[in-house]
Amino acid sequence: MSGPAQTGMQRLAETIAARKGADPETSWTAKLLAKGPEKCAEKFGEEAVEAIIEAVKGDRERLISEAADTLYHLLVMLAARDVTLSEVENELDRREGRSGIEEKASRK
């Protein structure tokens with residue numbers, strides 16, 4: 001048996017990476033990536049704000065939907081800058097067991 005099953009996030013990250021060179025006329029991901037990292041970051045920000053609004057309003061189903069959009073657009077933004085999900089996961093692993101307060105203080 002091969003390694004552990006991939007998570008949905010890992011599969012999504014791989015799909016986004018594969019769409020980098022796809023036809024922007026047939027793939028929303030390719031279209032967004034073709035517009036450059038700045039546009040990808042802008043779209044991520046828009047989706048994050050929409051998730052915040054739904055969290056404040058308390059609409060659970062809309063929050064789930066907007067959270068999915070936000071995670072997708074985060075992965076697109078990372079791909080636009082050639083940052084992989086594995087690199088982000090490695091950073092999270094590095095921080096595991098460490099206080100968030102301690103982590104923030106180490107960045108000063």
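Reply: We take two helix pairs and then two residues. Keep in mind that this is a predicted model.

Me: At what angle do helix 1 and helix 4 pack, and how far apart are their axes?

Reply: Helix 1 and helix 4, the latter spanning residues 60-80, pack at about 45 degrees with axes 10 Å apart. Angles under 35 degrees count as roughly parallel and 65 to 115 as roughly perpendicular, so helix 1 is oblique to helix 4. The crossing of these two helices is right-handed.

Me: Which residues make that contact?

Reply: Helix 1 supplies Met9, Leu12, Ala13 and Ile16, while helix 4 supplies Leu71, Tyr72, Leu75, Val76 and Ala79. Sorted by class, the contact of helix 1 with helix 4 has 9 nonpolar residues, no polar ones and no charged ones.

Me: How do helix 3 and helix 4 run relative to each other, parallel or antiparallel?

Reply: The axes of helix 3 (residues 37-57) and helix 4 cross at roughly 160 degrees and come within 8 Å. Angles over 145 degrees count as roughly antiparallel, and helix 3 and helix 4 are therefore roughly antiparallel to each other. Helix 3 passes helix 4 in a left-handed crossing.

Me: What classes of residue are found in the contact of helix 3 with helix 4?

Reply: The residues of helix 3 that meet helix 4 include Phe44, Glu47, Ala48 and Ala51, and those on helix 4 include Thr70, His73 and Met77. By class, the contact of helix 3 with helix 4 has 13 nonpolar, 2 polar and 7 charged residues.

Me: Thr70 is in that list. Is Thr70 buried or exposed?

Reply: Buried means under 20% relative accessible area, so Thr70, at 13%, counts as buried. Thr70 lies in helix 4. Apart from neighbours within four places in sequence, Thr70 is in contact with Phe44, Glu47, Ala48 and Ala51. A polar atom of the Thr70 side chain lies 3.0 Å from the backbone oxygen of Glu47.

Me: Where does Ser27 lie, and which residues does it touch?

Reply: Ser27 is in the loop between helix 1 (8-18) and helix 2 (28-34). Not counting residues up to four places away in sequence, Ser27 touches Arg19 and Ala22. Its relative accessible area is 8%, so Ser27 is buried.

Me: Which backbone atom lies 3.1 Å from a polar atom of the Ser27 side chain?

Reply: That atom is the backbone nitrogen of Ala30.

Key
Residues numbered from 1 in each chain as written. Predicted model: local features only at pLDDT ≥ 70, side-chain atom pairs only at ≥ 80, totals over all residues. Heavy atoms only, no water. Helix = DSSP H or I, 4+ residues; strand = E, 2+ residues; numbered from the N terminus. Buried < 20%, exposed > 50% of the residue type's maximum accessible area, 1.4 Å probe, protein only. Polar contact = N/O pair within 3.5 Å; in protein donor to acceptor, adjacent residues only side chain to side chain. Contact = heavy atoms within 4.5 Å. Axes fitted to C-alpha atoms, helices over the stretch in contact; angles between N-to-C directions. Left-handed = near helix turned anticlockwise from the far one by under 90°. Nonpolar A, V, L, I, M, F, W, Y, C, P; charged D, E, K, R; others polar.
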